[in-house]
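Hello,

Here is the structure I promised to pass on to you. Please have a look at it first, and then read my notes below.

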Amino acid sequence: QVQLVESGGGLAQAGGSLRLSCAASGSVFMISAARWYRQAPGKQRELVAAITTDTTTNYADSVKGRFTVSIDNAKNTVYLEMNSLKPEDTAVYYCNADILTTSWRPSRDNWGQGTQVTVSS
């Protein structure tokens, strides 16, 4: 079993920064790939950033140059560093990860519970 728990959300002013964390626990050997999604009220969930273990990253055009995704497999944690925040970044942010378990079996498409990010103008 694998669990993902996000933290680090909260209230920020426009132009400010927040760092989200997504900690994986349970039968985790390593995080093989991870993604951050967000969902604003009345909108569909959208992919914000993605990373694989070879550190290949991809970002939504709306966050390029402002957000950075990273993995620390020593801590089984995925991070999303968010800078130059805008009010339109306000959403619930969700972590999604593919895990290689300690039994050497993949555990794909694991989701966290989400963390609220609110950016005031």
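The protein chain exposes about 6,400 Å², and 48% of that area comes from carbon and sulfur atoms. The areas were computed by the Shrake-Rupley method with a 1.4 Å probe, and for residues only the protein chains shown count as cover.

A word on the source: this is a predicted model, in which local features need pLDDT of at least 70 and side-chain atom pairs count only at pLDDT 80 or more, while totals for chains, interfaces and linings use all residues. Residues are numbered from 1 along each chain as its sequence is written, and side-chain values use heavy atoms, with hydrogens and water left out.

**Overall picture**

Along the principal axes, the C-alpha atoms fill a box of roughly 50 × 25 × 25 Å. The radius of gyration is 14 Å, which agrees with the value near 14 Å for a compact globule of 121 residues; this radius is taken over C-alpha atoms, and the globule rule is 2.2 Å times the number of residues to the power 0.38.

Of the 121 residues, 42% count as buried (buried means under 20% relative accessible area, exposed over 50%, partly exposed in between, with a 1.4 Å probe and protein chains only). As for contacts (heavy atoms within 4.5 Å), residues 24 or more positions apart account for 57% of those with a separation of 6 or more.

**Charges and salt bridges**

There are 11 positive and 10 negative side chains, and the centres of the two sets lie 2 Å apart. Here Lys and Arg count as positive and Asp and Glu as negative, without His and the chain ends; each charge is placed at NZ of Lys, CZ of Arg, CG of Asp or CD of Glu.

How many salt bridges are there? The count comes to five, where a salt bridge is a side-chain nitrogen of Lys or Arg within 4 Å of a carboxyl oxygen of Asp or Glu. One of them pairs arginine 35 with aspartate 98, with the closest N and O atoms 3.0 Å apart. That pair links distant parts of the chain, 63 residues apart: arginine 35 is in strand S4 (residues 28-39) and aspartate 98 in strand S9 (residues 91-101). Arginine 35 is buried at 17% relative accessibility, and aspartate 98 is buried at 15%.

Arginine 38 forms a salt bridge with aspartate 89, at 2.9 Å between the closest N and O atoms. This pair spans 51 residues, from strand S4 to the loop between strand S8 (77-82) and S9. Arginine 38 and aspartate 89 are both buried. Through shared partners, salt bridges join Arg38, Glu46, Arg66 and Asp89 into one network. Aspartate 61 and lysine 64 also meet in a salt bridge (3.2 Å, N to O), but both of these residues are exposed.

**Two buried residues**

Asparagine 110 lies in strand S10 (residues 106-111) and is buried at 11% relative accessible area. Beyond its neighbours within four places in sequence, asparagine 110 is in contact with Val2, Leu4, Cys95, Asn96, Ala97 and Ile99.

Isoleucine 51, in strand S5 (residues 46-52), is buried at 6% relative accessibility. With neighbours within four places again left aside, the contacts of isoleucine 51 include Ala33, Ala34, Val69 and Ile71. The C-alpha atoms of isoleucine 51 and leucine 4 are separated by 16 Å.

Best wishes

Terms used:
Helices (H or I, at least four residues) and strands (E, at least two) are DSSP runs, numbered from the N terminus.
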